[in-house]
Structures are given as C-alpha cells and as structure tokens.
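Q: Please take a close look at one part of this structure, the interface between the two chains. I would like a plain account with the cut-offs stated.

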There are 2 protein chains.
Amino acid sequence: MVDTLSASEPLEADEAHAPLDLAPTPRTGTIDVDWLGRDLLGQWADRRLAARAKAANPDYQRIANLTMEDHRARVLGQMRLLADDGAVLVAFPASIGGEDDHGGNIAGFEELVLADPSLQIKSGVQYGLFGAAVLHLGTTRHHETLLPPIMRFDVPGAFAMTETGHGSDVASIGTTATYDEATEEFVLHTPFRGAWKDYLGNAANDGLAAVVFAKLVTKGVDHGVHAFYVDIRDPETGAFLPGIGGEDDGFKGGLNGIDNGRLHFDAVRVPRLNLLNRYGDVAADGTYSSPIESPGRRFFTMLGTLVQGRVSLDGASVVASKAALAIAIRYGAERRQFTASSDVEEEVLLDYRRHQKRLFTRLAETYAMSYAHDRLLTEFDGVFSGRTDTPEHREDLETLAAGLKAMSTWAALDTLQESREACGGAGFLAENRITSLRQDLDIYATFEGDNTVMLQLVGKRLLGDFAKQFKGASATQLAQFAAKEFAGRAAAQVGLHQVAQDVRDLGKPATASRALRQTAVQRELLTDRVETMVAEIAGRLRHVPRGDQAKSSKAFNNVQNELIEAAQAWTELQQWKALTEAVERMSGETARVMTWVRDLFALTLLERHLAWYLANGRLSGARAKVVRSTIERLLVKIRPHALDLVDAFGLGDEHLRAAIATGAEGDRQAEAQAYYEAQRAAGTLPTPERSPRRR
Amino acid sequence: MVDTLSASEPLEADEAHAPLDLAPTPRTGTIDVDWLGRDLLGQWADRRLAARAKAANPDYQRIANLTMEDHRARVLGQMRLLADDGAVLVAFPASIGGEDDHGGNIAGFEELVLADPSLQIKSGVQYGLFGAAVLHLGTTRHHETLLPPIMRFDVPGAFAMTETGHGSDVASIGTTATYDEATEEFVLHTPFRGAWKDYLGNAANDGLAAVVFAKLVTKGVDHGVHAFYVDIRDPETGAFLPGIGGEDDGFKGGLNGIDNGRLHFDAVRVPRLNLLNRYGDVAADGTYSSPIESPGRRFFTMLGTLVQGRVSLDGASVVASKAALAIAIRYGAERRQFTASSDVEEEVLLDYRRHQKRLFTRLAETYAMSYAHDRLLTEFDGVFSGRTDTPEHREDLETLAAGLKAMSTWAALDTLQESREACGGAGFLAENRITSLRQDLDIYATFEGDNTVMLQLVGKRLLGDFAKQFKGASATQLAQFAAKEFAGRAAAQVGLHQVAQDVRDLGKPATASRALRQTAVQRELLTDRVETMVAEIAGRLRHVPRGDQAKSSKAFNNVQNELIEAAQAWTELQQWKALTEAVERMSGETARVMTWVRDLFALTLLERHLAWYLANGRLSGARAKVVRSTIERLLVKIRPHALDLVDAFGLGDEHLRAAIATGAEGDRQAEAQAYYEAQRAAGTLPTPERSPRRR
C-alpha cells in the first residue's frame, strides 16, 4: 500500500488517469435512438428539421476569420436568402401570407444557431423584435402596410428600445415622443447622450426603419413608454434621414455578423398614425386613450408581447449545448490519454471518472433544458395563438421564460466552456467550432433581459404567490408561519411524511441511494427547498412597513442574493419536472437509461445545493455522502450509452462541423496502434531503457 | 406587509434593485493606496513597471477586428520591437548579455498581457520555451552559438513538444530520434499522423528552427524523451527544409496573433551535437550517458526546467483579473440602474448586494492570487538562480506552480466573465476590452499542462506526502489512522482544540461570526479539510495491492474526482496563507480593510465548500448560516473601499483601455440629471399619468 503512494519518484502527469471499474464499454445500441431523437424534436419537429436542413447548407454557415465588415456582409446576404425562402413568415398572419404558427416559428429560428448565431439573432431582430413589435403593438393599419416589406426584408429594421443609460430598466428610458396637435405629429427627441438608443442590431448599417420606444407625452402628461415606427435611412443613399444620427458599436466579443449600433433623434417628426397603437392611442386633438387603465399594467403588457426573444434564446441555448456535448463526447469516446505503444490498449478519455462527471452531468442538464424548453414553447404557443391567452397564462409564461432563459443561457456557456476544455488544445481551434459558439452566445446572458434581472422577476413572482396565500393574514400569523418554516418545514404537512423519512432516516447507504433515486423523494427535496427559501425570505421581509419605498428597497437589497437563489431553485424544479414527465412517457431500455439521466440531473442539483440541504436538516452528513457516491455510480451506468444519448440529438457532421468529432481521432489512434504492432511483430521496436534498481 | 409582496401588479424588472442599508458610500481615502500598490508589485516592482510602460505604448497594443493574418503580422512586428528593446535578455546568462534575473524576467513578461496576450504568449514561446529549452537543456556549446540569434529574434523558433495524439502526456510522444553511428547524426522521424507536432507557436509561419522533443533511440534502446535543436525553414525563402512539413492550425478561439501550427519530420537528419545534452548525451559511437540514472527522474528533471511557463501563466492570470475587476468596479461605481429622472438620485450598481457579491468575492480572490503568485515567483527565482536549487525545492516549486496555475487560470476566466456580465451589453463591446482578454486567456486553462492534469499532480504529491508519514507502517495501522480521520479528525491532536471549539460550539451568531474571522480558526478549517480529504482518499486506496498497475489505476479512477478536489483545497489554502501573511505586514486602515478582504476570501472558500464542512461535522447548520451573513456584512464593509482596492492595482486608462472605465458613464449620468433638473426648474417636465385608484 505504501508503495502505491510513494513519492520517491516524481509523479507522472497522467499516472492518475486510470481505467474505470467497468467492463469495456462498447455501444450497447439498446436505447431507441430514433424514438428518443424524435421525442426531443418536440411538437414542431418538422419546423426544426426544415431549419436544420438550412443550417446544413454552407451558404448559411459561419466562416472563421472574417473581418467584422465581411461577416456582416455575409449575414446580410443570408438574411436575403432566408427572406426569399419564405420560412420567416411562419408566425405572421395568414392575411399577409403567414401561417399563424407561433411555436413552430420559434422552433425553426432556434435551430439557425447551428448555421451561425449571428444569423439567428439578426433574423430575431428583424422578425422577432422589429417585425413582431409592428405585429403585436401595432394594429391593422400597420400590419397591412408595414409588415409585407419587413417580411420580404426590403425594410430591415432596428428595435430601438435599449438606451446607453438604461439596459434592462426600460421604464426609465429618456427618449421622448411629444405630440404636436398643430401638425398631428409626434416629435421624437433624444434629450442627452445617455438616452441614445444602443446595442441595436441593424442600426449601424442596414436598418431603413426602426421601432423606437419613447415616453409618449401629450397635453403635458407623460403616458409612459410607447412604440413608434420611424424611417431612419434613405433607402436610396443609405444616409440617415434629417434629425437622425448614430454610431457603430463596432467590434464585439461575438455575433460580429450583426451591425449593432446607436441611434439618436433631434426633434424628428413622425405622423401621428406611426404610433403603434394597440395598447395606447392619441386622437388628432391630442387626447390619450388606452384599453388598459393602469399605466404599469399597460407597460408590462406591451413588453410581454416581446417574450418570444427570451423563449428563443432558451431554445437556442439548448441547441448549442447539444452541439457542444456531441462534439466533446464523440471526441472523448475516441481520444486516448495513454500511448498506444503500451502493451495494453489504454482507456479513452470518456472512461475517466473526471471526464464523465464534467460531461455527463451537463448532458443530463441539457436533456432537462431541452424538455423544459418544449414546455415553455407550448405555453408560448398557447398564449400567442390565443388558445390560452389569459392574464394568468401570460404571467406564467413570462415567469417561466425569465427563469429558463437565465438558467439555460448560463448553462450553455458553462457547457460550451467545459466541452472546450474537455477537448484540450483541439477545443480551442476554430476548426472544432466550440469557441466560436461560446463567443457568440456570451451575450445571451445579458440581452433580452439581464439574467440577474430575470431571476429577480421570478423571485418577485414567487414572493407574490406566497403572499397571496396569506392575503388578509395578520403580520403575526405570517410571522408564525415563517417561524415554523425556519424551524424545518414539517413534511407531514404536505402529505409526504413517509417520503421525507426515506430521505432522512434510512440507515444504510444502499437504501438511501435507492431513496434518492425515487421520483417522489426528488420532487419533495427540490420542492421543499423552493418553498422554504421563499418562506424564509418572506419572513425576513415581514417587518417592512407598508408603503415605505425606501425601507422596502433596503429590505429587498438585504435578501437580494437569497431571492435570486430561490428563483434558480424554482427554475431547476421546472426543469426537473419537465424531464421527469418526459421520462415517464418512455419505455423499455430507453426509459431505463433516461431514468438514470434524470436521476443524475436530480442528484447534480442536490450536490450543487448540498450545503442548503445539510444546513437545513434535510439531509444528514452520511446521506450527503450518498449523494456523491450515487452520482459516481450513475456516471458509470450512463457511460455505455453516452454516444447514443448525443446521437439522439440528431446533429450530423454538417451541423457540428468539428474536425475532432468526425472519427478522425479514432483513425489516427488506429494508425498509431497499427504502426507499433507492426514494429513489434518485426522486432524493430526499441527496447525501453531499464530503470536502475530501486534504492 | 402583505402589500409589499402583492402580485396584483406585474412586477417591475428592477424594483428588486434596492438601496443598500448603509450610509452613502463616498470614497473614504483611508487606505494607503500607494503603499498597497507598491506592495502588490512585489519583489520585482521595477521590472513590472517597465513592462507596464511598454504595455502603455500603442505600438504594443492589441487592435480589434484584425484578420488572423494581420494580427499575426502585427505581433511579429512587436516581437522585433521587444527584441530591439533588449528586455528579453533579462533571464539569460551574463555571458550573452543577460542579467540572470529569473524572477524579474517572468514578472516583466506577465505584464505584457496588458498589451496583447498574443504578444505575451508569443514571446513566451520564443524566450520562455524555445530559448529556455536551449538554455536549460543544452550546454555551453549550444548557449554560445544558438542563444544570441534567438535572443535577437533573428531565429524565431518553435517548441515542438506536444503532438496531435498527445497533449499533456509528454512521455507518450511518437516522434523518434534514432542515432546513426555511421554519419553521427540523429534521424528525426514522425511515424504516423498522431505524432505530428501540434499547436506550436511560431510553427505555421515564422519559425526558422525548433526544439523538437523525440524519443532518443541508440543501439536499439529507447532512452525516452530528449530535446533536439532542428532548423526547419530556409531563412531566405521561408520554405520548409527537406523532409520537414507542416500545417497551419488556423483561426483559434483567441491568441490569433500567434501562428500556431503543426510540424512533421520525414527521416530528417540532424548532427549529433544538436542534441540538447545537459541531461543525456550520446557519444560518437552511439553510447548513451546521463547524469541522472533513473529514466523517470531524468524525464521529469528535463520537464521541470520548463516550469516557468506555468509560473508566468499564473502571473498573467492575476494581471488580467485585476484589469477586469478594475473595469467592472469603476463602471459599477458610476452606472445607475434607475433613471435620474426620479426625485431621488438612485443607487449605483455597486450598491446592490448581488453586484457586490459578484465582484467583491472575486476581488478578494484576486488579491489572494496576487500574493500567492508572489510567493511562487520567489520560490521559482530561488531555484533557478541556484540559491535554493535542491530536489525538495524543485518539487515544491513544481507542485505549487501546478496548483496555482490551475486555480488562477480558471479564476481569471471566471472573473473576466463575471466582469463582462456585470457590465451588461457594454461589457460585450470590444471597446470595453473584457471579451477579448477572456478569449485570449481561454486556452491558459489547458496549455502548459491541462488544469485537470495539474491538479492530479498536486493530488498525487499530497498522497505521497501523506504516505511518507506512514513509511513502514502496516496496512492495519494506516487503516486505523484513516478510520480515525473518517470519524472526524480530533482537533486536539493538532493542538487547536480551543479554536475548533470556537468554531463548532459557540452559541451566538455574533460570536460565531467573530470566530470565523479569526486567522487561527480560518487556518484550522482550511487545513483540516485538506488533511481530512487526503487521509480519506488514502484510506480508500489502502487495499490496492502493491505493484498491480491495473488495480491501482482502477482504484485511482474511483477517487479521481475527490483527489482533484483535495488538490484544489490545498491550493486554496496556499492562496489564503499568502494573503494572510501579506495582511499581517500591513498597518493602520490598510490593514483593517485588507483584513476584511482576507476574511471575505476565507469565508468565500468556506461557502464554496460548505457542504463538506457540514457533512463532516465541522460546522453546524446554524454556523453555516453565519458564514453567509458574515459574507453579506463584509460586502457592505468593503463597499466604500472598492475603488481604492482596484486603484491599488496601479492600472491606468492606458492599461485598461475600456471606454466604460474612464468616467464617461458618470459624465452621461450627470448630463441626464442636469437635464431633468433644468426641466423641473423650468416647470416643463411632463406630469406622469396618474394610476387609476387601486381596485
């Protein structure tokens, strides 16, 4: 034993990379890859497959080492191709040639991330933001005249909401649109540098028009943020129209196929009818009217129509994560860390436990993200098709979109980075694709709503729902409830007493491991955490005096970190639920393996938050160790199915476009091995120098 | 109370951003920024300042939006500038015009990351790898003839170690150098595609020569990896010499100013004297000799001379982290999340608790990394100057370099990303610098030794040291010891009984918080974790039968994840120790604030590993909550000193080169505020639309 650990010789870097305690791991082929692949495609499989066919077309694909100018020109050309193809019409009304298919439209756009994220986002700007604002915030008069040229990409446009001085805080923008009764025009004005519109796709070069968000002022009253359709450039010369100016945002950390830029307005006059007037209108005489009485609710209703941006970023993050994992897992299944010159063929990277933990935990998370996105898209389609367009559904949709967008854009960056590193130096080469995807997706974490702000939205909703339960309750009653929560939520209260017992009290690790893999136990542990965290935060806020904005803000700041964590916990629970429901639909070997995947996801969440479970008495120290050991066991179980699990993503070489994911590494290894075998057979392999006797 | 949580109105995105429970936070000016800045510069302050002066020169600076070809050409020009400057000679012997200043040399090179990481790494390839290999692996005959043109950059060279088939596993390379007694030449040969040298800086274009690592074969015996000096290109035409071929690695995720490429050799003959023969030589008749008997020790001695690459990546990561934090914290101290149009001036981003946690925890970590790097550099200088060149010191140096390189390259990526996101969309623009630094530093995590492999090296060393304590002990004795460790290491054993009591048993949170901020308690908690983890792993390995390589490998694989975590814990302890020792040298207000920084670092480590402390009975659940609340309190305490703490990094606008870190945002805010004030004074500010009465 002591010799095994001897430090008398310096340690070989790779000595610790040791074979796995498993029989060799051939592909078992026991998962129904086709079925699983079809299931993953979800409700709008045809739209996804059609978009993937586009992504497989080199004309749509990103090329490395272009200047910003060349990349922009290339993506501009792709936008025209896309418009000619007609698929961009999918979400728009039948009256203008569309198909009113909201979910299918998003599903298709998401897959374009496989071609070039710049194309996905530039088309998102044109159709999902600029066009969608005209569609959802405008009325028939706008639809008929404005949408057709937008759809044909004859009028590229900017979505001019964000300002340099205000990112996610849209309510505070500085741009004003003051109604002039004399001429029946709005006067758009940028009062100071901080109110320049900023980071707008299509603004630096291509945009001929913009939907400009400004505070609508009429008769001396500020009615808050509204949207205006504004021509910004002369279509002939490409020059800014009078009163309009701008700047190029220049080179960015990614997405350089998009011409982001700034816009500002010097008393620019637009006709009254250019107000996108679905939620607020101004009569010729300057009288303001709105179908929504409350300015706050009106504002959020307008912004809510733009939720599709968040939905599609969630979906695109899922697609990019799948691509990264397919590349890293295919490479890991071929790459050997030891020389083929040794007598025994050595293990591939994917047999190392560390490599498994790095990639399989993220594989499980990506499956959960994928099924959770499917639910989000269905919810979105329900609301936007009108089938389930109620305030409650809209609120649920916005909460789910905010939470999933935050978690999956971050997860995609994490997965892309881990996949990059798991491929070593090869992962850094453009020919292996991962770094460029990561660079482009970087901004997904802060655009269409900063992730931190998104999670606060979710957190506030959780607090609101909690408070609703106690509507009319006295502060004392609430305090009592909260106190009880703090002391450890009584599991019996929710009828899961026995389940909780399973988790907390069972003696033997094996039994505990089994318990941790039960759906009901996982559900209880994940749900309990959300509820307890929310109750605890509510408890900490309970002394905040009613109506004192300053004290309320201060109190919120004191729980800001906790609130965000509670929102993350809630979102993780939604992901777990979606994955669990998906697995419950499966059968046979696919169900068996996918249950391990689901278990790995659940246990990864438990491990991530183990300190909470321990500190709050939900898991004992001994049980915590079982979480880890069960994860290790699941990694080993999933190993033989890893290639099948990424094959089910349905991404071909034409989508991955990574030299290391094509079998090239395996071929090289085979060539090396054949060389050494031939040398050995011919007796020409040099003898290794003998070590001197051990001192 | 219920109203505070009401969900009857949709929630405003930024409502949760609330002011801090602190008085306004002007810069206190109480830290001695100059002293602290000087202290951070460390032993080789002059070298650092000289390099920073270079980095401030636009000729050395990175430009955005260059093609790979243009970026390479620019960096090549900078290399010539650098050579003309003469500073590159610092580490080389006086006999060739150098100054034998090893620590100072690295200190200077690290700072070049502020100019362009491509320049830092390309000069690292030329002087720290190619030139250093000639210096450290060659002998006088090589130094006299080869070093001068290398130093002048007349002969750019590649360091041809890594192969496509083998990254960090150098011992397994396939390239051979077979001695031919007849001609007194070595025949360098690449037997198969996997043995192509790969990812080599200077290989695609500029390299005229290379130090090629190959297995030295003479008289039918393979003596393992040795280094050979090989001319690869005709200096006149730039064409490969006969028998030599290669490929361009092409565009990469970053560092595109460096021409990485591949090389292969088809029976290329080099003179016998081209063997860099310090650690192994071949006589004219083919007889092999070496001053180091053991082939394993010889191999690691040769590789050990190249530790400076890891040392300098650790240092460059510290510099890049400082730059990112300076940018994000300066911006965060100006950027307001609410509109200046409200009646009260609203808080800046840095007053939000989430923002503080994101940035200040990383600020504390960066301080720890900086002081830890200083210790590493001193250790390095001691060994390489010969003052402390003993096997023990070399081993310590290699372990510390491996651990710190892994932790700080990862931390830099994390800090750069968090800083990018903390700056929102502005953080994504090239004009704000952070994304390009992150892209360039990405590869630092896997080159000069993959971080995962580095941590396994450290882990093995820890196990080795542990085993040494028990040299000659029986398996039973060891098992008994391990069992005792598992049961919970008795603190009394290390004479810290009282300290441990402080941590575990004290009743009141306030007392516990005080205890957690005691140096001795932190030391005990961090040390205990390392020791217990190592003992536990050793215990799990104790049944591995002596000499059974397969079983040993399998057993190691089963503890691979734990071993890596133990290595991380050890490295974190080294960082904590370095920071603590630095703080102990400080006085007055600087000491007071820096103690908070140290405490924040320690508590961040405790929070990161809280599950372990809880599961192993080191902290109770109640105590765990105190860890969190103490962190929150430290964030508030550090807030007024945040700008001073980044000012002490000594990086000017010319080093940061980020538009948002120049005060521009503050100017914009002031302009906006003045506008609203003037409107208000003139009575021209529109009245907000009144909300309808609450239903």
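A: What follows describes the interface of chain B and chain A, then some residues and helices on either side.

This is a predicted model, in which local features need pLDDT of at least 70 and side-chain atom pairs count only at pLDDT 80 or more, while totals for chains, interfaces and linings use all residues. Residues are numbered from 1 along each chain as its sequence is written, chains are lettered from A and ligands numbered from 1 in the order in which they are written, and side-chain values use heavy atoms, with hydrogens and water left out.

The interface takes in 149 residues of chain B and 148 residues of chain A, contact meaning heavy atoms within 4.5 Å. The size of an interface is often given as the accessible area lost when the parts come together. Here the buried area is about 13300 Å², and carbon and sulfur atoms give 54% of it; the term is the accessible area (1.4 Å probe) that two parts lose on being put together, summed over both.

Between chain B and chain A there are 10 salt bridges, each a side-chain nitrogen of Lys or Arg within 4 Å of a carboxyl oxygen of Asp or Glu. One of them joins A:Arg628 to B:Glu565, with 2.8 Å between the closest N and O atoms.

On the side of chain B that touches chain A, helix α12 (residues 451-469) of chain B gives the largest share, 10 residues. Helices (H or I, at least four residues) and strands (E, at least two) are DSSP runs, numbered from the N terminus. That side of chain B divides into 58 nonpolar, 44 polar and 47 charged residues. Ala, Val, Leu, Ile, Met, Phe, Trp, Tyr, Cys and Pro count as nonpolar, Asp, Glu, Lys and Arg as charged, and the others, Gly among them, as polar.

Strands also meet between the chains. Strand β12 (residues 687-688) of chain A pairs with strand β6 (residues 221-231) of chain B in the parallel sense over two bridges; pairing requires that DSSP finds at least two bridges between two strands. A:Pro688 stands opposite B:Asp222 in β6(B).

B:Glu632 lies in helix α21 (residues 621-638) of chain B. B:Glu632 counts as buried because its relative accessible area is 7%; buried means under 20% relative accessible area, exposed over 50%, partly exposed in between (1.4 Å probe, protein chains only). Its side chain makes a polar contact of 2.8 Å with that of A:Asn561. Leaving aside neighbours within four places in sequence, B:Glu632 is in contact with A:Asn558, A:Asn561, A:Glu562 and B:Arg353.

Turning to chain A itself, its secondary structure comes to 24 helices and 12 strands. Of its 695 residues, 65% count as buried. Helix α4(A) is mostly covered, with 10 of its 10 residues buried. The buried residues of α4(A) pack against α2, α3, α5 (117-137), α8 (308-332) and α9 of chain A. At the start of α4(A), a side-chain oxygen of A:Asp101 comes within 2.8 Å of the backbone nitrogen of A:Gly104.

Terms used
Polar contact = N/O pair within 3.5 Å; in protein donor to acceptor, adjacent residues only side chain to side chain.
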